[in-house]
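Please study the sequence and the structure before working through each solution.

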Amino acid sequence: MAVGSGSGKLILFGEHFVVFGLPAIVSAIGSKTVASIEFKDSPGWQVEDNRPETLGYKKEKFSQQKASIDLILKAAGVDVSKKGIKIVLGGDLQAASGVGASAASCAAIARALNDLYSLKLDNRKINELAFEGEKGYHGTPSGIDNTAAVFGGLLVFKKDLQLGKNSIELIKARKPVEVVVGNTGLTSDTKFVVGEVKKLKEENPVKFNEAVKKYQRLLISARVSIEQGDWKKAGGLLDENHALLQQLAVSCKELDLLVDTARQAGAFGAKMTGTGRGGLMFALTPGKQLQDKVLDAVKLQGFEAFATTIG
Ligand code: MEV
């Protein structure tokens, strides 16, 4: 049996903007998806999905998951028409919108295939396979989620819009910082929401370009504040980034409630993360005491939440 894993992620700054070639900052989180793959006697592939999930997520994503696995197998040049394979997905990463669940499973499957068929792929190639798999879910992913899933760490990612080499820069925070992640419990469709933002850009270019300009200014300070561990400053910038995402109409009332709850409980800043219109919010809560306080406040509102660190 061959095994591979992929990390979950939180986009700290720049989801949606990254689709249009702007840099974004992403952090892998400790939770992972693990894929175990073995040969079976019958042809074709089958999947047993044992990942913990937000209710309904796996069912909603099943047809996209099928398309994604076909794309990964094709990109890997693997033929399962005679000797088939069984893929078992597990690990501690919750299958939910916003945490890079699809990318983590693509990376895990790509790694396990690499092992099973002795493909001798390096991380760059694994990332290419995971990116192909992401297309099954997203249509036209930027590549940020699979890059975080494969390489881990804290990254500044910039998509090359000419489909050349994306820029991936590893950065460092002075030390890891506590965050709280709150889950709306709603599964979102990235392809659809990204399409909505494209529509807004076409219909209202002035509004879109204003948001882009504000984001560009914000991102420069965001990177410096993370590298210097200036969490007060970073928190304020998270709030600003959330406001820009509201202007792009990708937040929703549940995400706004989560963000407000976290801020009122003392978080240094909070924003939605990932696709939006459901999925996750994360709040910057330096120190265990503040993290616990914000975690309790979010749970008290009736949302699922967990504590982790970034950077
Ligand atoms: C989804 O995690 C992030 C988006 O920016 C889409 C993408 O980058 O492909 C919304």
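**Exercise 1: The largest pocket**

The largest pocket has a volume of about 530 Å³. Determine which residues are the closest to its centre, and which helix gives the most to its lining.

Solution. Begin with the basis of the values. This is a predicted model, in which local features need pLDDT of at least 70 and side-chain atom pairs count only at pLDDT 80 or more, while totals for chains, interfaces and linings use all residues. Residues are numbered from 1 along each chain as its sequence is written, and side-chain values use heavy atoms, with hydrogens and water left out.

On a 1 Å grid over the protein atoms alone, a pocket is an open set of points with protein on both sides within 12 Å along at least five of seven lines; a cavity is a set where a 1.4 Å probe fits but cannot get out; lining residues have an atom within 4 Å of a point. A volume is the space filled by probe spheres set on the points, which are joined across faces, edges and corners.

Then turn to the lining. Of its 21 residues, N127, E128, G164, K165 and N166 are the closest to the centre of the largest pocket. The helix α3 (123-138) gives the most, with six residues; helices are DSSP runs of H or I with at least four residues, strands are runs of E with at least two, and both are numbered from the N terminus.

**Exercise 2: The largest cavity**

State how much space lies in the largest cavity, and which residues are the closest to its centre.

Solution. The structure holds three cavities of 30 Å³ or more. In the largest cavity lies about 330 Å³ of space. Among the 31 residues lining this cavity, K9, H138, D145, T190 and T275 are the closest to its centre. Elements that each give two or more residues to this lining include β1, α3 and α5 (190-203).
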